[in-house]
Amino acid sequence: MRFAFSRFAFSARSTLRFIMPVTRSATRSVPSTPAGGSNGATTSSAVKSSKRKAAEEPTTAKKTPRAKKAKSSDKIAATPLTSDAFIPPPLQNEPGEKTLVPAVLTFSFEEAKAHLIRADHRFEDIFTKLKCKPFEFLEQVHPFRALVESILAQQISWLAARSIIHRFTRLYDPSLPEKAADYSASKSPTSFFPTPYQIANTDIETLKSAGLSTRKAEYVKGLAARFADGRLSTEKLLAADDESLAEMLIEVRGIGRWTVDMFAIFSLRRPNILPVGDLGVQRGMLRWFLSRHSSKHAFTLSPHKLSGGEPNDDKTKQTRASAMGPPPITPAPKTTCGSQLAGDVEPNNDVLPTSSDSQSQSPASIKSIPVFPEPFTPSIDKTLEADAMNTEPLPEGLSVANLKSRLEGKKIKGVFLTPKEMEDLTGSWAPYRSLGVYYMWALSEKN
């Protein structure tokens, strides 16, 4: 029995040795060496799969170009318009008579003259020497256009402003002449100008392509949006009183009190506007009232005026022009980089045009930009001295001595006269201060 069991064990071990290698080898070779019915089915399935793939390939190849074409189309649609491909928005609310300020005064000019002459008889001679152009040469005014152009003209020379305004207008009508000097129709308030809707729907980059800064582009878009949605309109501007007018316009970024005052005088022809922030008006008032209370103070002009010639150097031209306009440091709120400006960026004193500048370039002058009067000739001395030693006292806090010192350059917080002093001095001019103010610019020439 022991022997028989040993033989059986030996035989079992030998059988196991024989079977296991065969099993491993068979397991490895099953996929590559098919055998039996199941493997045949696998081969048949693979062949059918290959045929299906072969049959599907042409279909996939046909679909691929369509998919690429669709992507390409999407990409074009997502590309924003640039200035090179700018298509002006369609006209909305075509400009008509209701958008213009009529060429009429809301008061009697003769009555206004008589009132100022009663307040100060020297005005009688002043009216004969110099026409009060804003109130005597009447034209229709396009208020929206005037405000847009006043923003575009800020902080640059008026010649540069003329060029930028023309390029800006050509964005919406490329048929206009390429050069501003070749477009004489720009002087007419009825000539082409984009509507508020068009400007409000133009992107910033396109506006910048006409030479606008990013800030000015934002300003004109903001102003246009207010006219487009009805918050501002010609009717509302005409109906508002002086203070309401200022409140409505100062809410617009890029427009401050000085711009409102110039718009009120030169565009709306308001009779009782006093630009308290204008250094030219302040300097003219000092000369006007000082000569009334002191016969020793003579009104003198710069040498080029006395000789009748024009200055040849740019520095002298800038000095003459700087007599007009707002203070170099404007009363607008202080801002830091990245902050928004609540008021406007007021124009530089040395770039505002006088009437002689306008006349020399009359075919291309910008009607909406204020044109200040030419300085008086030396003969004005007789007019100023005609009322010397007038008995009407100066307002409290002012004397001949401090008027002289201020005229010589001693300012009070950056100004020659404070707002209250200006109001007190011109109290007898009301309600026709605007007319007197126009002549103060003509007296603002430096000694």
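Me: Against which helices do the buried residues of α13 pack?
Reply: This is a predicted model, in which local features need pLDDT of at least 70 and side-chain atom pairs count only at pLDDT 80 or more, while totals for chains, interfaces and linings use all residues. Residues are numbered from 1 along each chain as its sequence is written, and side-chain values use heavy atoms, with hydrogens and water left out. Helices are DSSP runs of H or I with at least four residues, numbered from the N terminus, and contact means heavy atoms within 4.5 Å. The buried residues of α13 pack against α5 (133-136), α6 (143-152), α11 (234-239), α12 (242-250) and α21 (433-442).

Me: Why is helix α13 described as largely enclosed by the rest of the structure?
Reply: A residue is buried at under 20% relative accessible area, exposed at over 50% and partly exposed in between, with a 1.4 Å probe and protein chains only. The buried members of α13 are Trp258, Thr259, Val260, Asp261, Met262, Phe263, Ala264, Ile265 and Phe266. The helix spans residues 257-266, and it is largely enclosed because the buried residues number nine of the ten.

Me: Which side chain forms a polar contact with that of Arg270?
Reply: Arg270 is placed in the loop between α13 and α14 and is buried, with a relative accessible area of 10%. Leaving aside neighbours within four places in sequence, its contacts include Leu237, Leu238, Asp241, Asp242, Ala264 and Ser434. A polar contact is a pair of N or O atoms within 3.5 Å; within protein, one must be able to donate a hydrogen and the other to accept it, and residues adjacent in sequence count only if both atoms are side-chain atoms. At 2.8 Å, the side chain joined to Arg270 is that of Asp242.

Me: What distance separates the C-alpha atoms of Tyr438 and Cys132?
Reply: Tyr438 is found in helix α21 and is buried at a relative accessible area of 2%. Beyond its neighbours within four places in sequence, Tyr438 is in contact with residues including Lys131, Cys132, Lys133, Phe266 and Pro373. Tyr438 and Cys132 are 306 residues apart along the chain, and their C-alpha atoms are separated by 7.0 Å.

Me: Is the ring pair of Phe168 and Tyr172 stacked or edge-to-face?
Reply: Rings of Phe, Tyr and Trp (its six-membered ring) pair if their centres lie within 6.5 Å; planes under 30 degrees apart count as stacked, over 60 as edge-to-face and the rest as tilted. The count by this rule is 15 aromatic pairs. For Phe168 and Tyr172 the ring centres are 5.8 Å apart and the planes stand at 70°, so the pair is edge-to-face.

Me: Which charged residue sits over the ring of Trp288?
Reply: Trp288 belongs to a cluster linked by ring pairs, together with Phe123, Phe127, Phe289, Trp429, Tyr438 and Tyr439. A charge sits over a ring if NZ of Lys or CZ of Arg is within 6 Å of the ring centre and within 35 degrees of the ring normal. In this cluster, the ring of Phe127 has the charged end of Lys113 over it, 5.6 Å from its centre. Over the ring of Trp288, 3.9 Å from its centre, sits the charged end of Arg122.

Me: How many residues apart in sequence are the parts that Arg292 and Asp120 tie together?
Reply: A salt bridge is a side-chain nitrogen of Lys or Arg within 4 Å of a carboxyl oxygen of Asp or Glu. Arg292 forms one with Asp120, the closest N and O atoms being 3.6 Å apart. Arg292 lies in helix α14 (residues 279-293) and Asp120 in the loop between α3 (109-119) and α4 (122-129), so the parts tied together are separated in sequence by 172 residues.

Me: Which residues are linked in a network of salt bridges?
Reply: The whole structure holds 15 salt bridges. Arg292 is buried at 5% relative accessible area, and Asp120 counts as buried at 2%. The network of salt bridges links Asp120, Arg122 and Arg292.

Me: How far apart are the closest N and O atoms of Asp424 and Lys420?
Reply: Both residues lie in helix α20 (residues 419-425), where Asp424 and Lys420 are four residues apart, about one turn of the helix. Asp424 is partly exposed at 36% relative accessible area, whereas Lys420 counts as exposed at 57%. The two form a salt bridge, and the distance between their closest N and O atoms is 2.9 Å.

Key:
Helices (H or I, at least four residues) and strands (E, at least two) are DSSP runs, numbered from the N terminus.
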